[in-house]
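Dear colleague,

Please find the structure below, followed by an account of what was found in it.

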Amino acid sequence: MKKNSSMTAHAILTLVWIVVALYLALIYTPNEANQGNVYRIMYLHVPTAWVALLAYFVIFLGSVGYLWKRSESADALALASGEVGFVFCSSVLITGPLWAKPIWGVWWAWDPRLTLTFVLWLLFVAYLLVRSFFINPGRAALLSAVVGIIGFVDVPIDYMSIRWWRTQHPQPVIMGGPDSGLPPKMLLALLVSIGAFMCLYFLLLRQGIALIRLRRETARLRRELAMG
Amino acid sequence: MMRSIDIVWTLFLKDLRIEWRQREAIASVCVFGLLVVFLFDFAFQPGGEESLRLLPGVLWIAFAFAGILAFNRSFAAERENMCLDVLRLAPIDPGLIYLAKTLANLLFLAVAEAVIVFATSLWYNFSFLPTFKWFVCVVFFGTLGYVAVGVIFGAVAANTRMREVMLPVLQFPVAVPVFIGAIEATTSVLKHDPPSLYASWVKLLVAFSIIFVVLSFLLFEYVLEE
């Protein structure tokens, strides 16, 4: 039961953190000079994008861990991260166009980071599909680990090749060079939002891993029952 | 080292021999590639200047689809009569099987590409000859990168249900740098740009090929593992 109480504490922390982030994002921060209220979607869009990238990195770590140590928990980590990351990546692809339409005038442009996010989303889809289409479920972990590693190595090369086109995406606001940067209030709100979504990601990741464990346990018990 | 080259060569000849006796895969890959170019002609009815703008894209989409067919076929054949299990039992480094498969698919795809390019040259009334050397160079490295990921994903997809769908879903997103680099470089080559203008794209293709050949070579043992 100790594990459950730590999960509950994590859930409460996430909830409080998100409420604080919402307060900062919607009330505490001023309107942006040119974009007015529209820019506030940034507090959702940027954190989810960070989490999506982090999630693919965790797939990579879990995949390497599984091939190296053959631990089932590394595989569960990679799978759970794939499922959660897919949701976050989808959210990036939905919130991006919502902002782009009023500001750029178009829903979508094939700019480097948009293209990369879409490719990342396809990589998530490929990773999850490969898991669900196995004839022999025992090999799913092994082969999806291979797919996870190749996909992860591909991401920076994708980014490089895609970046050689002209960009119209707003430049990174954190660590983006001397001219970029946010006023302190907005920066605070953004950092708190990123923290909140990281916290949510790790909560969902833990839930996902717990769920995968339970599923495997159920499958094992069922097999034992069938064997009598 | 010599032994490794020997093994790769033997496995490569095995694939060629199987193909030579059936002549199924190469025929279907060529016909499929031609059909793609043919459909493009219907879709866009290019003429004059426009055809030069469309040509690189048409060629690479035809190569991509032909490749998918070849990679699927390559491992579907190994599943018949459990050939893959026998290969797996052989006391050799699984990476060598990957290299042999890559060589064989590179050759099959090169043959298909030659047919596609020849037909396109006639249909679009376009001569590839003035910059042929550079054109071959770009197509070679683009194809190598594409085959490098295609072969390992073909082996992965061979284990799944609906592998015909699975392979493109795996292959296309990972091969994005190949498409961008190859299409950009091909466009430059066909426009008679000096090589310095597209050298960076060719470098990208070479780097991509090296990275994924090495990575797949290392990972292939897990793909074959039972």
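The contact between the two chains takes 23 residues from chain B and 26 residues from chain A, two residues being in contact if their C-beta atoms, placed from the backbone, lie within 7 Å. On the chain B side, helix 6, helix 7 (163-174), helix 8 (176-190) and helix 9 (195-224) each give two or more residues; helices are DSSP runs of H or I, at least four residues long, numbered from the N terminus. Helix 9 of chain B provides the largest share, 7 residues. By type, this side divides into 18 nonpolar, 3 polar and 2 charged residues; Ala, Val, Leu, Ile, Met, Phe, Trp, Tyr, Cys and Pro count as nonpolar, Asp, Glu, Lys and Arg as charged, and the others, Gly among them, as polar.

This is a predicted model, in which local features need pLDDT of at least 70 and side-chain atom pairs count only at pLDDT 80 or more, while totals for chains, interfaces and linings use all residues. Residues are numbered from 1 along each chain as its sequence is written, and chains are lettered from A and ligands numbered from 1 in the order in which they are written.

Helix 6 of chain B (residues 132-157) is mostly covered, with 20 of its 26 residues buried, that is, having 20 or more other C-beta atoms within 10 Å of their own (12 or fewer: exposed; in between: partly exposed).

B:Asn125 lies in the loop between helix 5 (94-123) and helix 6 of chain B. Its phi is positive, about 50°, although it is not a glycine. B:Asn125 counts as exposed because it has 10 C-beta neighbours inside 10 Å.

Yours sincerely
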